[in-house]
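Reader: I would like to learn how to read a model like this one. Please take me through it feature by feature.

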Amino acid sequence: MTAPVSPQSLPTGEPRWLDAEEQKAWRAWLYSSQLLQDRLDRELTRRTGISHAYYEILVALSEEPERRMRMSELADRCLSSRSRLSHAVSRLEERGWVRRQVCPDDGRGQLAVLTDEGFAALEGAAPIHVEGVRRELFDQLSPEQVAAMRDFGETLLRHLDPTRMP
């Protein structure tokens with residue numbers, strides 16, 4: 001196994017083109033991950049009225065002490081812009097699932113707080129989501145493929161965002 005190449009060590013000039021096998025691997029991973037996300041989102045939305053993006057916000061809040069999080073941290077956790085997250089939280093507020101609260105630490109920031117109604121909606125959606133993940137992903141893989149997928153994901157996380165390592 002070779003060490004990862006740092007951007008500083010790349011030669012200037014020609015790009016390091018993907019070979020045929022790398023191209024096949026890249027496209028298979030890219031398209032399958034997009035199709036999986038789309039299928040899970042469509043099913044969750046159809047059966048619960050909750051998009052996958054909203055579901056991830058509810059999950060993130062449910063995992064925090066007191067089920068609340070600073071809006072800027074929630075945007076980072078959900079890989080969302082602050083304006084997109086603010087819009088999503090507004091929609092979740094309309095449903096009564098989230099409320100905003102002034103941050104008691106500094107009075108400037110806002111917290112998103114998961115309400116009891118929002119937690120109940122999440123509890124109703126979670127079995128549908130996990131069944132979709134199991135059916136569309138894990139049921140299609142052998143235990144060895146699951147282990148390889150975890151290794152692959154953790155390798156990329158260490159490189160792309162070590163703060164998300166489990």
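Reader: What share of the contacts in the chain with a separation of 6 or more comes from residues 24 or more positions apart?

Author: First, the ground rules. This is a predicted model: local features need pLDDT of at least 70, side-chain atom pairs count only at pLDDT 80 or more, and totals for chains, interfaces and linings use all residues. Residues are numbered from 1 along each chain as its sequence is written, and side-chain values use heavy atoms, with hydrogens and water left out. Contact means heavy atoms within 4.5 Å. Here, residues 24 or more positions apart account for 48% of the contacts with a separation of 6 or more.

Reader: Which elements make up the chain, and in what order?

Author: Helices (H or I, at least four residues) and strands (E, at least two) are DSSP runs, numbered from the N terminus. The chain has 6 helices and 3 strands. From the N terminus on, they run α-α-β-α-α-β-β-α-α.

Reader: How does the radius of gyration of the chain stand against that of a compact globule?

Author: Take the radius over C-alpha atoms; the globule rule is 2.2 Å times the number of residues to the power 0.38. A compact globule of 166 residues would come near 15 Å, but the chain has 19 Å. Its C-alpha trace spans about 50 × 40 × 25 Å along the principal axes.

Reader: What percentage of the residues is buried?

Author: Buried means under 20% relative accessible area, exposed over 50%, partly exposed in between (1.4 Å probe, protein chains only). Buried residues make up 24% of the 166 in the chain.

Reader: How many salt bridges are there?

Author: Side chains of opposite charge can pair when their charged atoms come close. A salt bridge is a side-chain nitrogen of Lys or Arg within 4 Å of a carboxyl oxygen of Asp or Glu. By this rule the count is 13. One of them joins E43 and R135, with the closest N and O atoms 2.7 Å apart. This pair links distant parts of the chain: E43 lies in helix α1 (residues 20–48), R135 in helix α5 (residues 116–136), 92 residues apart. E43 counts as buried at 11% relative accessibility; R135 is partly exposed at 29%.

Reader: Where do E94 and R91 sit relative to each other?

Author: Both are in helix α4 (residues 82–94), 3 residues apart, so about one helical turn separates them. E94 is exposed, with a relative accessible area of 60%, while R91 is partly exposed at 26%.
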